[in-house]
Amino acid sequence: MLTPAPELLLRLPKSELHVHLDGSLRPGTLLALAHERDVELPARSAADLADHMLVSDASSLEEYLQRFEVTLAVMQDADALERIAYELAEDHAAENVLYVEVRFCPALNTAKGLASSEAVEATLRGLARAKQDLGIQSGVIVCALRSHAPSRSLEMADLAVGYAPHGVCGFDLAGAEAGNPVADHIASFERASRAGVPITIHAGEGYGAESIRQAVEVGHARRIGHGTRLHEDRALMELIAARGIPLETCLTSNVQTRVVTSHGDHPARLYLDEGLTVCLGTDNRLMSGVTLTQEYEHARDELDLTWKELVAVARAGFEHAFVDPATRVELLRRFDQDVAAIES
Ligand SMILES: [Zn+2]
């Protein structure tokens, strides 16, 4: 079974560890929410909107991030957030994702008076409803932003710690990487780490390997968001491999932000060959115009991953999920059982 057919990748049980809530709205929902809230959009039909939001012309991560102003304009109330979270889980469930970690920065949902805690609660409600209706398990990762003041990051860390017993599973640092080092936000990582909230950090996407080193050495990162430029520092690559720190790899997004020139050029192949752990994520289903299954197809078609390698990548998504040990055992049991059924 060396070249798995597309339907096998759809059937493959998957875990999504890197997807942004504000980058993954359905175009039709973005349109409907804008209409209800009297928000002006850059396009009038769902198809034109999908086209506009798909980033094909960014020259950097910073340009890519500008699209988020459009989605955030309709994400300023609890009803919108609950709906978007529910639908995101529903879209994942439809492609056999058993577990999804949804990330966002609640400080960006407060422009019209919503409290950041209310933003978290609304998102958790949407995900809980999806679990009840569809069985998909989930968690929320609270993001702090690199470009924000350290005091705001600390507020986000407090939020993550406060909601950890209620469905927040992790803490992240996202946003413009160049010029905004992890070291600026050290207090927030200390806060999350001391409280036992697992940390993942976007690094090595808009900046070089030094950023990844900081994420691990100063930021207590258990996982690295992207880590694309890790290969620039061989010693660090060996350290990350030895520590078993996984990379949350988002192939299409990295092509869009010009970290790599093409899917086939992505170092994920090298990382697997070097014994690193790679998990696949979409980053932003709307801005990247991809599903998780399609990212697995890219890995198969352009990085030549075999079925066995694709299964290992999918399994890593459960092995490194921010869940309690009992949930991990149960998710892995289900994963192994479903893969055995596909292979029989
Ligand atoms: Zn991301």
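Reader: Let's start in β3: which residue is the bridge partner of E101 there?
Author: That's G139. Strands here are DSSP runs of E with at least two residues, and helices are runs of H or I with at least four, both numbered from the N terminus.

Reader: Before we go on, what sort of model is this?
Author: It's a predicted model, where local features need pLDDT of at least 70, side-chain atom pairs count only at pLDDT 80 or more, and totals for chains, interfaces and linings use all residues. Residues are numbered from 1 along each chain as its sequence is written, and side-chain values use heavy atoms, with hydrogens and water left out.

Reader: Ok, back to strands. How many bridges join β2 and β3?
Author: Six, in the parallel sense. β1 and β2 also pair in the parallel sense, over five bridges, and S15 has Y99 in β2 as its bridge partner. Two strands pair if DSSP finds at least two bridges between them.

Reader: What order do the strands take in the sheet?
Author: Eight strands form an open sheet, running β1-β2-β3-β4-β5-β6-β7-β8, with parallel pairing. The edge strands are β1 (14-20) and β8 (278-280), each pairing on one side only. Neighbouring strands are turned by 25° against each other on average, direction ignored. Those angles come from lines fitted to C-alpha atoms (for helices, over the stretch in contact), and run from 0 to 180 degrees between N-to-C directions.

Reader: And what about β7 and β8, how many bridges there?
Author: Three, again in the parallel sense, with β7 covering residues 247-249. T249 stands opposite L280 in β8.

Reader: Which strands does helix α7 touch?
Author: Helix α7 (residues 116-134) packs on the sheet against β2 (97-104), β3 (137-145) and β4 (168-174), and its direction makes about 160° with that of β3. Contact means heavy atoms within 4.5 Å. Helix α16 (residues 307-319) lies across β1, β2 and β8, at about 90° to β8.

Reader: Is β2 enclosed or open?
Author: Eight of the eight residues of β2 are buried, so that strand is largely enclosed by the rest of the structure. Buried means under 20% relative accessible area, exposed is over 50%, and partly exposed is in between (1.4 Å probe, protein chains only).

Reader: Switching topic: what coordinates the zinc ion?
Author: H18 (NE2), H20 (NE2), H202 (NE2) and D283 (OD) do, at 2.1 to 2.3 Å. Donors are N, O and S atoms within 2.8 Å of the metal (3.2 Å for Na, K and Ca), and water is not among the atoms, so sites may look incomplete. Along the chain the spacing is H-x1-H-x181-H-x80-D. H202 in strand β5 (residues 199-203) and D283 in the loop between β8 and α14 (285-288) are 81 residues apart, and both are buried.

Reader: Why is the arrangement irregular?
Author: Because the four donor atoms subtend angles of 85 to 171° around the zinc ion. Four donors count as tetrahedral if all angles lie between 85 and 135 degrees; four count as square planar and six as octahedral if opposite donors are over 155 degrees apart and all others between 65 and 115; anything else is irregular.

Reader: And H20, buried or exposed?
Author: H20, found in strand β1, is buried, with a relative accessible area of 9%. Leaving out residues up to four places away in sequence, H20 touches R103, A174, H202, D283 and N284.
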